[in-house]
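I opened the model today to look up a ligand shell, a few strands and a pocket. My notes follow in the order in which I looked.

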Amino acid sequence: MIRSVCGYCGVGCGLEYKSEKLIGDVTYPVNHGKVCSKGVSELVSIQTPTRLLRPHKRKSIQEPLAICSWEEAIDTIADKIHHTRKEKIGFYLSGQLLTEDYYIANKLAKGFIGTNNIDTNSRTCMASAVVAYKKSLGADFVPVRMEDIFQSDLLILAGANTAEAHVVFHNQIKKAKKLGLKIVVIDPRYTDTAEIADLYLPLKVGSDIDFFNLLSKRIIDEKLYDQEFIDESIENFDSFINKFKRVPVTKMLKRTGLSKEQFEEFWQLYQASPRIITAWTMGLNQSSQGVDKNLALINTHLLTGKIFKEGCGPLSLTGQPNAMGGREVGGFATMLAVHLGFDKESIKKVANFWQTEKIDNKPGLTATQMLQANLDMLVICHTDPVYHLPNRNRVEELIAKIPFVVEINAYENSESAPYAHIRLPAAPWGEKEGSQTNLDRTITKQQKLTRTSVDCKSDWEIFQLIAQKLGYQKQFDFASSKEIFEEYQQMSRLSPLLDIENINYEALANEPFVWGESIHNFLTPNQKGVLHFVQNRLLSEKTDLEYQYTLITGRTRDQWHTGTKTNLPKTLLKYKKLNFCEIHPDDAKELGIKDGAKIKVISKRGEIHTEALITERINPKTLFIPISNRDINYLTNDILDRESLQPDYNHNAVKVELLS
Ligand SMILES: Nc1nc2c(c(=O)[nH]1)N[C@H]1C(S)=C(S)[C@@H](COP(=O)(O)OP(=O)(O)OC[C@H]3O[C@@H](n4cnc5c(=O)[nH]c(N)nc54)[C@H](O)[C@@H]3O)O[C@H]1N2
Ligand SMILES: Nc1nc2c(c(=O)[nH]1)N[C@H]1C(S)=C(S)[C@@H](COP(=O)(O)OP(=O)(O)OC[C@H]3O[C@@H](n4cnc5c(=O)[nH]c(N)nc54)[C@H](O)[C@@H]3O)O[C@H]1N2
Ligand code: SF4
Ligand SMILES: [Mo]
């Protein structure tokens, strides 16, 4: 029997592989034997006919790709790097890479090529949470665990659809509910998650700051804050409450679209709950004020002292399986490595550790900036930017101009493939091994379950081949992912946060390790949490007479983003369609659209075809299309949060027309 871990979502469920069957691992602390349809389909995904199995190459994207040897491909890539100015090279990575892949790519780019232009699709996912945690707690640290829901009285889910996006965690929420946990769901859609809520609040899109500010205001007015905790552990309290004296309460409530009664019902539940967890995902992060939305939420925990205590805290539900590992290693252009930044001292430490003098001292381009930067070379690995970046028509225009694009993928049917000059076949889940960190700091190991397809390689091996070809044999002579993990462990000593130095890599598959368990305090220099007063500045795209509807986007349970891994005839459970558009009955009536009608949804940037699903589960004047419609980002706008540079995917002005 081999123990491994699911490579889909941030819950990170333990799996057991026995007699060619994959099942949930009953001994694993996160999922206790439970898995969802995606976890079960991991094995099938290796066997799909759409695997990319050979390196390919072409001179221009107008020509067809032709099979080439690894040597030829790596030679060409190394030669291009050699002849390109370092600031013109970009590495576009993914929160689905393993920690060892990340480590090698980061070491190569930042340490030896000397560019900090290395970022990840996690920029589109949880960059806002990273910035907000740093600003309020002092470090990018998730201060509460999923299992805390069993010690909690109230779970508030804001902009999070756990029933479809964190399925096994959702099952645990249901279990905790039976034991007394109360649940509030705040979402402009009555989602599958809302079905288990004690209270559902159909908030208007983009008004979360108003909602959480109303809550802070009430906590202040009714003196429900924890004065002792604040005196000891919180900065900014006096100026914070001063600012709250003048907030426009009626206007804020109006913007949320909630009635006084709804807020009152929420308040009764809130003030009667000693232990509270507030969890969130893309409904908050993906916003023109994603960081501020996070801060407004975290403020409520700082005021009430409901943090660093059992059953309490602000819980960011990370989406991807190893976005956390990527953050820890330093896979963002805005950090260097192991939670260190670009200050002199940190650069000195890292340069010394890697034995290099090439580290640049300023942050690099983020994933959301790379395509606009006139790069001469872009390396994409384990992600599909043409699919996932906002304003796709513009994205296509920009990527087509980059003279040299390398795509490393395990499957052949990505949306970025048509723009690649070289495509390299990666070994997918099950054909490789390495470690990953789930959403609440649990480090586990993915195991190799079957032989690696002849011409495929682990992602770290590919980056190592490039490094070696560039002449860095000594710095990149790792024989296994274990050796990489061990170097990373050595490096983690440079960080005051990471306590992974003594864990045993081999043992990880059987014994997951939770880092940071001894941290029970704020991580700012004076160990105080910081309140930040924020306000809804209405920076998102506005609807108008022509584009009357606000489009939001999100997940469906059985599909993983583009579906290169999940969208297989054999595994696709007929749970939900992959292409639909939720429309409120009042709007459908006004538009003269019947359920099931073929429609065109149009924004100022593009249009897509879909099918009307008429339902009262969505707020009026709001539309929802799942991202399993691969064309989704032809519609979305490219407004970014100013601090996190994360896109505002959930606020697009659109109109609807019947397809004739
Ligand atoms: N099945 C499946 N599971 C996945 C994934 C997948 O592709 N498929 N992807 C993984 C990844 S990478 C991620 S990031 C997570 C995402 O996990 P979630 O964020 O839970 O998933 P989304 O469907 O994007 O849901 C966001 C919710 O926010 C709501 N929302 C939109 N705008 C607002 C707003 O202004 N305010 C509030 N309060 N809510 C709003 C939407 O209606 C939606 O229900 O899922 C992970 N899990
Ligand atoms: N409109 C809208 N857009 C969004 C979002 C949204 O909610 N709305 N969400 C955003 C978020 S949160 C995310 S995380 C992104 C996700 O967007 P992407 O990361 O672009 O989506 P995936 O389909 O997960 O892409 C992963 C790629 O890795 C490949 N792959 C699989 N296994 C391996 C492997 O082992 N090695 C390598 N090298 N490749 C492999 C897959 O074939 C696939 O092409 O989308 C973002 N875009
Ligand atoms: S909940 Fe997430 S980690 Fe668990 S089996 Fe499903 S996709 Fe995999
Ligand atoms: Mo994500």
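How do the residues of the shell around ligand 3 divide into nonpolar, polar and charged? I counted eight nonpolar, two polar and one charged. Here Ala, Val, Leu, Ile, Met, Phe, Trp, Tyr, Cys and Pro count as nonpolar, Asp, Glu, Lys and Arg as charged, and the others, Gly among them, as polar.

Before going on, I noted that this is a predicted model, in which local features need pLDDT of at least 70, side-chain atom pairs count only at pLDDT 80 or more, and totals for chains, interfaces and linings use all residues. Residues are numbered from 1 along each chain as its sequence is written, chains are lettered from A and ligands numbered from 1 in the order in which they are written, and side-chain values use heavy atoms, with hydrogens and water left out.

**Ligand 3.** I listed its surroundings (a heavy atom within 4 Å): Cys6, Tyr8, Cys9, Gly12, Cys13, Val35, Cys36, Lys38, Gly39, Val167 and Val168. Helices α1 (37-46) and α6 (167-178) each supply at least two residues of this shell. Helices (H or I, at least four residues) and strands (E, at least two) are DSSP runs, numbered from the N terminus.

**Strand β15.** I then checked residues 405-409, which form β15, and found five of five buried, meaning under 20% relative accessible area with a 1.4 Å probe, protein chains only. Val405, Glu407 and Asn409 cover one side, and Val406 and Ile408 the other. β15 pairs in the parallel sense with β14 (377-381) over four bridges; pairing requires at least two DSSP bridges between the strands. Ile380 has Glu407 as its bridge partner. β15 also pairs in the parallel sense with β16 (422-425), over four bridges, and there Val406 stands opposite Ile422.

**An open sheet.** I found three antiparallel strands in the order β17-β18-β19. β17 (434-437) and β19 (513-514) are the edge strands, each pairing on one side only. Four bridges join β17 to β18 (442-446), and Gly434 stands opposite Gln446.

**Largest pocket.** A pocket is an open set of points on a 1 Å grid over the protein atoms alone, where a 1.4 Å probe fits, with protein on both sides within 12 Å along at least five of seven lines; lining residues have an atom within 4 Å of a point. I noted 27 lining residues, with Lys204, Val205, Leu538, Thr550 and His651 nearest the centre. The lining divides into six nonpolar, 13 polar and eight charged residues.

Technical notes
Buried < 20%, exposed > 50% of the residue type's maximum accessible area, 1.4 Å probe, protein only.
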